[in-house]
Amino acid sequence: MVALLEAKALSAWHGPIRGLYELDLTVEQGGVTALLGANGAGKTTTLRALCNMVRRAGTTTFQGVDISRRSTEDIVRMGVAHVPEGRGTFVALTVEENLRLALHTRRDKAAAMRDRDLVFGYFPILQERLHQQAGTLSGGEQQMLAIGRALMLAPKLMLLDEPSFGLAPLIVREIFRILRQINEHEHVSMLIVEQNAALALDLADTVYLLETGKVVTSGPSALIQNDEALRKSYLGY
Amino acid sequence: MDFFIQQIASGLTSGAIYACVALGLVMIYVSTDHINFAQGEMAMFATYLAWAMINAGVPYWIAFGLTIAVAFFGGLFIQRVILKPLEHAPVLALVVCFIALLSIFNAIAGMIWSYTIKQFPSPFPSHDLFGNGLVSVQQLGVVGVTLVMLGLLTVFFRFTTLGLAMRAAAQNPASARLMGVRVAWMLALGWGLAASIGAIAGMLVAPIVFLDPNMMNGILVYGFASALVGGIGNPMGAVAGGFIVGVLENLVGSYVIGNELKLSFALVVVVGVLLLKPAGLFGRVIVRRV
Amino acid sequence: MTANWANKRGVGAGALLAWAGLALLPLIGFITENTSFDYYMYMGQSMLIYAIAVLGLNLLIGFNGQISLGHSAFFALGAYTTAILMNFGGWPYWATLPVAAVVCFLAGLAFGFPALKLEGHYLALATFTLAIAMPQLLKYKAIAGWTGGVGGVLLDKPDPPEWTGLSADQFLYYLCLFCAMVLFWLVFNLLRGRSGRAIMAIRDHTMAASTMGIDIARYKTVAFGISAGITGIAGALSAITVAYVAPDSFTLQLSISFLVGLVVGGIASLPGCLIGGAFIVLVQNSAQSISDWMKGTFALRYDVPAWAIYGVLLLALMYVLPDGIAGGCARIRAWWTTRGRREAQ
């Protein structure tokens, strides 16, 4: 397999406080990598550092191109779609406008319209709610909209920040099922941050375990799933 | 009755101009939370440019269009070059900065074109619309230009992806960035549009009040009042507010307090709205961030 | 941006020296033959008056965090109070000063009360409107019998008491200096005490101040009142020294001058108010020479007006010296005193 995204010695700060210590991380082409760990371990910070949303150091390459100094917007335009913590819904825009926003950065309008149908295929509920204000959607629907918005960017890599946050277990399972389909059918690689370790381990092929801004261990998810000591002390099940 | 209709007509005419000023203010407020005290002087300066072009023999409507374009790039420039470094500055620094811009524009206009008042041509004839002395073509023209501009802006914000991106950037900058929207440029674009709208207001009002460097002082205050009445975060509200304030001003001026206290009336409206209904008639409630 | 200077040793001596120096200046008049000396004295009066106005504004903006662009209105109110009392009441000039202060204090309270609900940009907006509306209000026909309408009111310059042996301008300089010293001393003590800490706590963190039991509403309104009162005294002094009031001297541009003085001198700095006051007058007086110099140097076709200079200066200060001249000096001093320590390390 080929590395799609590679971070070397990635560090990050929140103002004066350091949140990440020289992290090495790889996402394979077509693969799903999960970042697991407790609150404050630096998972969200890692995603933000990869997109240059916080002060950071170290090198990041995406498809072999150095993106360490690119702006967030440029990184997104290169094909990295970030589904942020809290879903980033544009509450006063309609669902349709939330999705159409992607057309601002895309030249291939026809392909974009096909992508829209694709989104509706995965999330039919969005088509039903098309002209509703996005702020009136339920949490689960907003999460679907956030993933839909990301899909509209025709990404090669999706960064997902706790897609299960605040959602009912049934909906979480549904969303993870769809994420797997997106990964398999659209060949979108994923880097996913999760509190729900069991679900993430099912979806991911590679796992990084974080504690206070450092990698504790990493490896194929099957290995971690079978290591009971590790599971008990870090993942709590 | 005739007098009353005349007052309404002239109220709607001033209202159209206040609406333009208010719309410019709202445009900047929505995307940056700033109140641009230099909005009036920027409009005045643009109007002088139009005056200079017309005096040099440029046909009115070409000068009109060119001025809007120049104002647009001027606004863009101000945001990118002057305001960008003060992005994270405290409110006081920004207010000082806007006041500085106001002084500079006023002084430069006075320096180049002097403080003597000048005639500014109107593209509309001043004669009556129906020959009964109630509504003039000029008044209708001012309201018409404003409505056309509003229509164009509505189409832009509602149906183009660029307009959509600007709205998204104003609403949730962080999330807009993650959709690949260059938020910093959207702010600059907002400034450019605000400057253009202001220029239109200036060119519409100049034939009525005559052109001089202090021409926009009172009008800006009415623009503030209109924006506040409509709810300062709401473009459509600003326009409605403009018409409401324009008509009220004329009626109160002719029937209650006389023309000499019109600015005090604006002061009462501003303070009154801020105190009694800070969200305006059509705005959402202003949430205080902690 | 705190009032640490109030506790530092040596500041008291420095202030005393500065005021003594200012008090000695008029005495030069007895040894100089310079015919424009009286004019310099007049400039000195203006500087002190602006310093007082900036002091009032600084109390509000610098120490309490409420932004006002409307202090020209309170300045006007003070000036007109004095003018009307002197002209129609036949009051002696000195007796009008406390009245002007009280009138402006009350007006400040009245405006400060609605201002309570407004913050930052909104307060700036409301006070901006006040500044624009004021000249028109002063010209209002119904009160023209008192205010003199557009033409304003002409006053007699007070004569100095004979035993002093001073010229009129020397005497008025001392009057301004006396008022300035009293007001600076009062503000200094106000800020050093319990109320001062409350006022500044509100500026630094309103919510925290309120949870500590500070009555935000009362302190903010009173701060607005005192600030307006101080600026009103400056207005009254200006009416006395200029011996003339007219509506168009009290436009938004006057408020902008105060703001310039505030920003140049230093936000939340008392000595900065004096620097700022002097600066405003210096620029106004040398605007013509600056303009001529720029015309010559850059081969300009036009005169460069004072307001362009003010504007560019305000912008430049926001970028390079956001805490004004006084703040800049403080930073240089801090750098100087810690230099030895750094070298030792």
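Reader: What about chain A and chain C, how far apart are their closest C-alpha atoms?
Author: They lie 20 Å apart, and no contact joins chain A and chain C. Contact here means heavy atoms within 4.5 Å. Keep in mind that this is a predicted model, where local features need pLDDT of at least 70, side-chain atom pairs count only at pLDDT 80 or more, and totals for chains, interfaces and linings use all residues. Residues are numbered from 1 along each chain as its sequence is written, chains are lettered from A and ligands numbered from 1 in the order in which they are written, and side-chain values use heavy atoms, with hydrogens and water left out.

Reader: OK, which chains share the most contacts?
Author: Chains B and C do, of the two pairs of chains in contact. There, 42 residues of chain C touch 48 residues of chain B.

Reader: And what area is buried between chain C and chain B?
Author: About 4100 Å², with carbon and sulfur atoms giving 80% of that. Buried area is the accessible area (1.4 Å probe) that two parts lose on being put together, summed over both. On the chain C side, C:His121, C:Tyr122 and C:Leu125 lose the most area to chain B, together 18% of what that side buries.

Reader: How many salt bridges across the interface of chain C and chain B?
Author: Zero, by the rule used, which asks for a side-chain nitrogen of Lys or Arg within 4 Å of a carboxyl oxygen of Asp or Glu.

Reader: Then how many between chain B and chain A?
Author: Three salt bridges. In one pair, A:Glu73 bonds with B:Arg177, their closest N and O atoms being 3.9 Å apart. Over all chains, the structure holds 15 salt bridges.

Reader: What's the buried area between chain B and chain A?
Author: About 2000 Å², of which 62% comes from carbon and sulfur atoms. In contact terms, 21 residues of chain B meet 25 residues of chain A. B:Leu178, B:Met179 and B:Arg182 supply 37% of the area that chain B buries against chain A, more than any other three residues.

Reader: Switching to helices: at what angle do helix 4 of chain B and helix 11 of chain C pack?
Author: About 125°, with the axes of helix 4 (residues 91-113) of chain B and helix 11 (residues 252-265) of chain C 11 Å apart. Helices (H or I, at least four residues) are DSSP runs, numbered from the N terminus. Axes are lines fitted to C-alpha atoms over the stretch in contact, and angles run from 0 to 180 degrees between N-to-C directions.

Reader: So what do we call that arrangement of helix 4 of chain B and helix 11 of chain C?
Author: Oblique. Angles under 35 degrees count as roughly parallel, over 145 as roughly antiparallel, 65 to 115 as roughly perpendicular, and the rest as oblique.

Reader: Which residues meet there, in helix 4 of chain B and helix 11 of chain C?
Author: B:Val96, B:Ile99, B:Leu102, B:Ser103 and B:Asn106 meet C:Leu252, C:Gln253, C:Ile256, C:Leu259 and C:Val263.

Reader: And inside chain C, how do the axes of helix 2 and helix 7 cross?
Author: At roughly 20°, with helix 2 (residues 37-63) of chain C and helix 7 (residues 168-192) of chain C coming within 9 Å. That makes helix 2 of chain C roughly parallel to helix 7 of chain C.

Methods: Helix = DSSP H or I, 4+ residues; strand = E, 2+ residues; numbered from the N terminus.
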